[in-house]
Amino acid sequence: MTAIRPRTPAELRRSRRPRAHSCWDHLYAAPLWPLHGANLGTLARTCDAVGACLALPRFPWVPEALARGNTLRRPLCVHWTGDPLGWLAKQRERGAHVVGVELADEAVRLADLPAARQRTVMVLGHEQHGIPPEALDLLDTCVEIPMIGTGASLNVAVAGSLALYRLAGLL
């Protein structure tokens with residue numbers, strides 16, 4: 001039986017890109033109504049891992065929370081949205097496919113969500129209230145992450161990370 005051998009840090013560095021990606025304008029994580037700053041740093045790491053950009057509202061506390069949570073210590077590809085609803089409408093006008101991570105009757109299961117084949121914005125709502133009703137009309141698709149436990153939902157960082165990996169075609 002072959003022993004499992006973890007890769008060394010040098011092997012990992014050789015197999016990955018040497019610096020932060022520039023904006024590929026293909027996949028966006030958009031937690032447009034954030035509640036907890038710690039989740040932004042975690043989601044930023046996932047964006048780096050899958051080559052996605054992060055779209056954030058410039059609430060007074062968000063830049064500092066993102067800087068504190070960015071353990072990569074490299075510049076991130078961040079697009080500041082200003083008005084979240086206006087930004088989402090503009091993305092649709094530009095031809096983006098807008099996917100909301102939300103519990104909805106019409107939602108597809110995460111396992112059935114196809115990888116992004118066009119410019120895609122993944123929208124995440126407020127951790128307690130979800131995506132606001134006025135934003136639901138701007139979504140093309142909703143994806144639901146099945147759960148069998150007693151919780152109503154996952155936090156923004158975990159839900160966003162799962163959906164990003166699926167949309168990036170890595171799951």
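Analyst: The lining of the second largest pocket is made up of 11 nonpolar, 7 polar and 3 charged residues (Ala, Val, Leu, Ile, Met, Phe, Trp, Tyr, Cys and Pro count as nonpolar, Asp, Glu, Lys and Arg as charged, and the others, Gly among them, as polar). This is a predicted model, in which local features need pLDDT of at least 70 and side-chain atom pairs count only at pLDDT 80 or more, while totals for chains, interfaces and linings use all residues. Residues are numbered from 1 along each chain as its sequence is written, and side-chain values use heavy atoms, with hydrogens and water left out.

The pocket holds about 310 Å³ of space, a pocket being an open set of points on a 1 Å grid, where a 1.4 Å probe fits, with protein on both sides within 12 Å along at least five of seven lines. Of the 21 residues that line it, Val-101, Glu-102, Leu-103, Ser-153 and Leu-154 lie nearest its centre, lining residues having an atom within 4 Å of a point.

Turning to the charged pairs, the model has 6 salt bridges, each a side-chain nitrogen of Lys or Arg within 4 Å of a carboxyl oxygen of Asp or Glu. One of them joins Arg-94 to Asp-25, with the closest N and O atoms 3.2 Å apart. Because Arg-94 lies in the loop between α4 (84-93) and β4 (97-101), and Asp-25 in the loop between α1 (9-15) and β1 (27-31), this pair ties together parts that are 69 residues apart in sequence. Asp-25 itself is partly exposed, at a relative accessible area of 28% (buried is under 20%, exposed over 50%, partly exposed in between, with a 1.4 Å probe and protein chains only).

Another salt bridge stays within a single helix: Glu-64 and Arg-68 bring their closest N and O atoms to 2.7 Å, and since they are 4 residues apart in helix α3 (residues 62-69), about one helical turn separates them. Glu-64 is partly exposed at 46%, whereas Arg-68, at 53% relative accessibility, counts as exposed.

Asp-112 also forms a salt bridge, with Arg-109 at 3.5 Å between the closest N and O atoms, and Arg-109 is partly exposed, with a relative accessible area of 46%. Finally, salt bridges that share partners join Asp-25, Arg-94 and Arg-119 into one network.

Terms used
Points joined across faces, edges and corners; volume = space filled by probe spheres on them. Helix = DSSP H or I, 4+ residues; strand = E, 2+ residues; numbered from the N terminus.
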